[in-house]
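Look over the structure first, then read on.

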Amino acid sequence: MNLDTRADSKNVAAGFGGTIGRTPHIVLPKLSAALGRTIVGKAEFLNPGGSVKDRAAKGIVDDAEHRGALGPGGTIVEGTAGNTGIALALIGNARGYRTIICVPDDQSPEKYELLRTFGADLRIVPAAPFANPENYYHVAQRIAAQIPGAIWADQFNNIANRRAHYETTGPEIWEALGERLTAFVAACGTGGTLAGAGAALKERDPRVRVVLCDPEGSSLFCYVEAGTLDAPGDSITEGIGIKRITKNFEGAPVDDALRIDDRAMVEMAYWLLGEEGLFVGGSAALNVVGASRLARTLPEGSTVVTILCDGGERYRSRLWNAEWLRENDLVPSASGLAFL
Ligand code: PMP
């Protein structure tokens, strides 16, 4: 049998890694009509591991293999809010690496279940501030250092993460929207998506505005606006918001920042499901709020693209659970898009 494992241009791809990326750009018709500006969501939830983090994970693993740091029988260790771990576990299975994934204990249970199902060695650690040596990030670093042949993926400071978005996410957006594009909006966890895709877009057209949207409880809004690391408030969103400047965020070509509260995020999540048929997670909904609020400040006919980071399935016990929303005083109640 001739097993041709090359990816080609006819929508045939080699293995798990070959199916990452080239995600659709979904124009949100009702939202765009309501705003008089085109809002486009890049459907990262359609990646094979279900999130935007597939790209970073593949970039990190490819880079480690290329440098000779990761080889047959190797182990990948990472500290993650979940999605990077999920992506690494699947890539690890496809390429023959063991994965040890450290996740704080305040994330949605669906992500733990997926990690276990996918065969990762899951280490749930008590949520702790970054300064605490027991924070999941430091725990992962220590575990990797103790295992021969292991790498620490270090998605926060390993710029193979940002490079993956510079080489794939940004160029894909430009290829799809090109000269029509007015602005690119995204929230940050590691900053890889915003910095990498933002840099690729700016390089193609410096007039493209790159805008951060930040949840409450994160420092990046204040950092962009005032150069401080203040982080008022709190958020139920997962995978976004950070209180330090990572190597992946450092130097990101950010023109402006918006802060988005959880109420608007939840309202948008339910509006997107009910009106656009899109079932997404909290960071995707927050991104669409950011894109919409920015779009309103831009000339009519502008086009704003953002990232639909992952799907709603992963948050069925929280964002998509009426009882949980009631307990957190976040039951959606807006009429139409009044919350924007
Ligand atoms: N949304 C979700 C659900 C995520 O898991 C992440 C990654 N932590 C992001 C958004 C942010 O992506 P990035 O790390 O590239 O900033």
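## The largest cavity

The residues lining the largest cavity split into four nonpolar, three polar and two charged. Here Ala, Val, Leu, Ile, Met, Phe, Trp, Tyr, Cys and Pro count as nonpolar, Asp, Glu, Lys and Arg as charged, and the others, Gly among them, as polar. The lining includes Ile236, Glu238, Tyr315 and Arg318. A cavity is a set of points on a 1 Å grid over the protein atoms alone where a 1.4 Å probe fits but cannot get out, and lining residues have an atom within 4 Å of a point. This cavity holds about 80 Å³, a volume being the space filled by probe spheres set on the points.

The model is predicted: local features need pLDDT of at least 70, side-chain atom pairs count only at pLDDT 80 or more, and totals for chains, interfaces and linings use all residues. Residues are numbered from 1 along each chain as its sequence is written, and side-chain values use heavy atoms, without hydrogens and water.

## Lys111

Lys111 sits in helix α5 (residues 109-117), helices being DSSP runs of H or I with at least four residues, numbered from the N terminus. Why does Lys111 count as buried? Its relative accessibility is 1%, and buried means under 20% relative accessible area (1.4 Å probe, protein chains only).

Leaving aside neighbours within four places in sequence, Lys111 is in contact (heavy atoms within 4.5 Å) with residues including Glu238 and Tyr315. Glu238 and Tyr315 also line the largest cavity.

Note on methods: 1 Å grid on protein atoms, 1.4 Å probe; cavity = no way out; pocket = protein on both sides within 12 Å on 5 of 7 lines; lining within 4 Å. Helix = DSSP H or I, 4+ residues; strand = E, 2+ residues; numbered from the N terminus. Buried < 20%, exposed > 50% of the residue type's maximum accessible area, 1.4 Å probe, protein only.
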